[in-house]
Amino acid sequence: MAKFVLAGKADCPHYAKAELLADRLQRSLPDFRIHKISILPHEWRKWLEATCNRNGWKHEKSPLVWRELVNQGGRGMLLGGFSDFLEHCQDYYGITSDMLTDSMLAVAAENLETKMNIIAEEQRCLNLNKPLHIWITSALNPTCNFLIPNLLSAEVFPHVSKISLHLLDLEGNAEGLQGLRMETEDLALHLLHQVTIHTDLDQAFQEADVILLLDEWWSADSDEEEQRKEKVKAMSDRYIEYGQLIDTRANKEVKVIVSGGSFANLRCSLLLDNARSIDSHQFITMATQLENEAKAILAKKFKVRTSDIRDVIVWGNISGSFYIELQWTKVFNYDGAIKGPAFFSQPALKLLHERWLETDLQDLARCRRAASMSCRAASMSAADGILAVLNAWNCSSDGVFSVGVLCPGDYNLPDGVVLSLPVNFTGGKWGVLPDAAIGDELKERLRFSAMELLQEKELGYKEDSRLT
């Protein structure tokens, strides 16, 4: 029995021609066998050198053909390239190939596409078997209790078969984390693979695919300036270290979400500064709590349910000078002069006075934020926001979300500033809405937020030897 091996670049026309010739021989001759090896173009040179060195051959081009002599105790006899294989087929079997160049190129392109599809499917199967690693910081924060039961679900991670959950709390105690781990395991969640607990940074963010940062650094109104500076500095030191660890330990496609009401934009900015090997699009900070609070205020104003208010936008500094804006906001089920079916909505801007938008709405939003931060309900809202954003990030969504991201430079703002902007999620990526109407007044508000954040950042980096 004749056993041949045909190897070549997936996009090589001569490999395609040799492949079809070999298939023809295999169909015609019962004792002829061919084993084909398709190699990606960028891997071909390395593979060819390794194969030739292992067998003591000399060959430079695609394809490479040899005859297996295992049954006779040999390791393989080099036949050569395409011309050598064609000549061998003509001399020994009386079969040749008259394949045209256009056909060769078409088959070569098809081979490359098939190879890429095979690799993608193999990677998909590998990912199904490999656990997704989720790290949560400040895991003893009450938000975590509301988050975990719905986080480890196919709705949030539809293409994952198992999840390893890593709970980190540097201020907490091992006993508290152990209790949280037991509670999580008792839920018997289908996707849960394992739960690990950590009270130091020795293993922090190792192989992380998703990182949820729940740390809070509240600065009370009664704090003196020096106390506030100390808190900002302590927080900055922590997040500089977080960023460095994420840079060296996490997967390069990691999704990082900064949650919480204190220094949200600044914390995200510090991570970006210190995790430079990871795309800035992998870092966001949450403004969904503010969105939901504004929706509740509007729902009360319109006498509808909170779920009837859609697409509220939060601009600026989530933990400081934010601005609630309604250019995309829709109101459903409003009992006004114009009514319609359940899917009918009306623009919120047409139903409200401008003065109420510019004063009452902004003041009410700030008061509601201050009230919610002092109660446990804020944890429920924070968990719901994280789940909504993760679901959109993983599964795409036609909704509008307010998230803090690194400014893309479209609004004449300083570089390196993280501000809340309107985005949507498509194909696992977020993008700032291109048709956002940015008037002069809003630009001025954003510039003020940017300066506010730059001052916080300068304070956090002050006298830090790690500043580069």
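This report covers a sheet, a helix pair and a few single residues of a predicted model.

Residues are numbered from 1 along each chain as its sequence is written, and side-chain values use heavy atoms, leaving out hydrogens and water. Local features need pLDDT of at least 70, side-chain atom pairs count only at pLDDT 80 or more, and totals for chains, interfaces and linings use all residues.

**The sheet**

Helices (H or I, at least four residues) and strands (E, at least two) are DSSP runs, numbered from the N terminus. Two strands pair if DSSP finds at least two bridges between them. Four strands form an open sheet in the order β2-β1-β3-β4, with mixed pairing. Its edge strands are β2 (32–39) and β4 (77–80), each pairing on one side only. On average, neighbouring strands are turned by 25 degrees against each other, direction ignored. Strands β1 (residues 2–9) and β3 (residues 64–67) pair in the antiparallel sense over 4 bridges. Ala7 has Leu64 of β3 as its bridge partner.

Axes are lines fitted to C-alpha atoms, for helices over the stretch in contact, and angles run from 0 to 180 degrees between N-to-C directions. Contact means heavy atoms within 4.5 Å.

| Helix | Lies across | Angle |
|---|---|---|
| α1 (residues 13–28) | β1 and β2 | about 155 degrees to β2 |
| α3 (residues 82–93) | β1, β2, β3 and β4 | about 100 degrees to β4 |

The loop between α2 (41–55) and β3 holds Pro63. The peptide bond from Ser62 to Pro63 is cis, with omega near 5 degrees.

**The helix pair**

Helix α7 (residues 225–249) packs against helix α8 (residues 264–274) at about 40 degrees, and their axes are 7 Å apart. The contact includes Val232, Met235 and Tyr239 of α7, and Leu266, Leu270 and Leu271 of α8. By class, the contact has 9 nonpolar, 4 polar and 2 charged residues. Here Ala, Val, Leu, Ile, Met, Phe, Trp, Tyr, Cys and Pro count as nonpolar, Asp, Glu, Lys and Arg as charged, and the others, Gly among them, as polar.

**Single residues**

Buried means under 20% relative accessible area, exposed over 50%, and partly exposed in between (1.4 Å probe, protein chains only). His198 is found in strand β7 (residues 192–198). Its relative accessibility is 15%, so His198 counts as buried. Residues touching His198 include Trp135, His166 and Asp169.

Most residues other than glycine have a negative phi. Glu207 has a positive phi near 60 degrees. It is found in the loop between β7 and β8 (210–213). Glu207 is partly exposed at 41% relative accessibility.

How values were computed:
Lists of a residue's contacts leave out its neighbours within four places in sequence.
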